[in-house]
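Have a go at each task before you read its solution.

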Amino acid sequence: YVFSNLQVDLFTQAIAWATTAILYFYATGHGCTFDKIQVASTFVGFLEYNWYRSGVMLFLNQFGVYLLFVFTLPLLQLTNNQ
């Protein structure tokens, strides 16, 4: 491989990780305006409506990709040590 001996510091990896999270956010149809909030995701998989569960589902739909990338960020440290 061309980049097999390339050493990248952890900060650069974290910036690339954050950029990937932002790209994934927009690639899944989300946006930064109120009309881009996917409200229909609060009704998926349930027969009856619950206010709090729907709020959690909406929050996870909007910010779940960021949470996923934040919680998997320590994997960069593990791969950086090898």
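Gly 64 is buried, at a relative accessible area of 18%, since buried means under 20% relative accessible area, exposed over 50% and partly exposed in between (1.4 Å probe, protein chains only). Before going on, note that this is a predicted model, where local features need pLDDT of at least 70, side-chain atom pairs count only at pLDDT 80 or more, and totals for chains, interfaces and linings use all residues. Residues are numbered from 1 along each chain as its sequence is written, and side-chain values use heavy atoms, with hydrogens and water left out.

**Exercise 1. Describe how α1 and α2 pack.**

Task: work out whether α1 is roughly parallel or antiparallel to α2.

Solution. Two packed helices are described by the angle between their axes and the distance between the axes. Helix α1 covers residues 10-27 and helix α2 residues 51-71; they pack at an angle of about 160°, and their axes are 9 Å apart. (Axes are lines fitted to C-alpha atoms, for helices over the stretch in contact, and angles run from 0 to 180 degrees between N-to-C directions.) That makes α1 roughly antiparallel to α2, because angles under 35 degrees count as roughly parallel, over 145 as roughly antiparallel, 65 to 115 as roughly perpendicular and the rest as oblique.

Next, look at who meets whom. From α1 come Trp 17, Thr 20, Ala 21, Ile 22, Tyr 24 and Phe 25, and from α2 come Gln 62, Val 65, Tyr 66 and Phe 69; contact means heavy atoms within 4.5 Å.

**Exercise 2. Follow Gln 62.**

Task: is Gln 62 buried or exposed, and which residues does Gln 62 touch?

Solution. Gln 62 lies in helix α2. With a relative accessible area of 9%, Gln 62 is buried. Not counting residues up to four places away in sequence, Gln 62 touches Phe 25, His 30, Lys 36, Ile 37 and Gln 38.

The loop between α1 and α2 holds Gly 29, which is partly exposed at 36% relative accessible area. Leaving aside neighbours within four places in sequence, Gly 29 is in contact with Lys 36 and Gln 38.

**Exercise 3. Classify a ring pair.**

Task: which kind of pair do the rings of Phe 25 and Tyr 26 form?

Solution. The structure holds six aromatic pairs. The rings of Phe 25 and Tyr 26 have centres 5.2 Å apart and planes at 80°, so this pair is edge-to-face. (Rings of Phe, Tyr and Trp, its six-membered ring, pair if their centres lie within 6.5 Å; planes under 30 degrees apart count as stacked, over 60 as edge-to-face and the rest as tilted.)

Now check the two partners. Phe 25 counts as buried at 5% relative accessibility, whereas Tyr 26 is partly exposed, at 43%. To finish, ring pairs also link Trp 17, Tyr 24 and Phe 69 into a cluster.

Key:
Helices (H or I, at least four residues) and strands (E, at least two) are DSSP runs, numbered from the N terminus.
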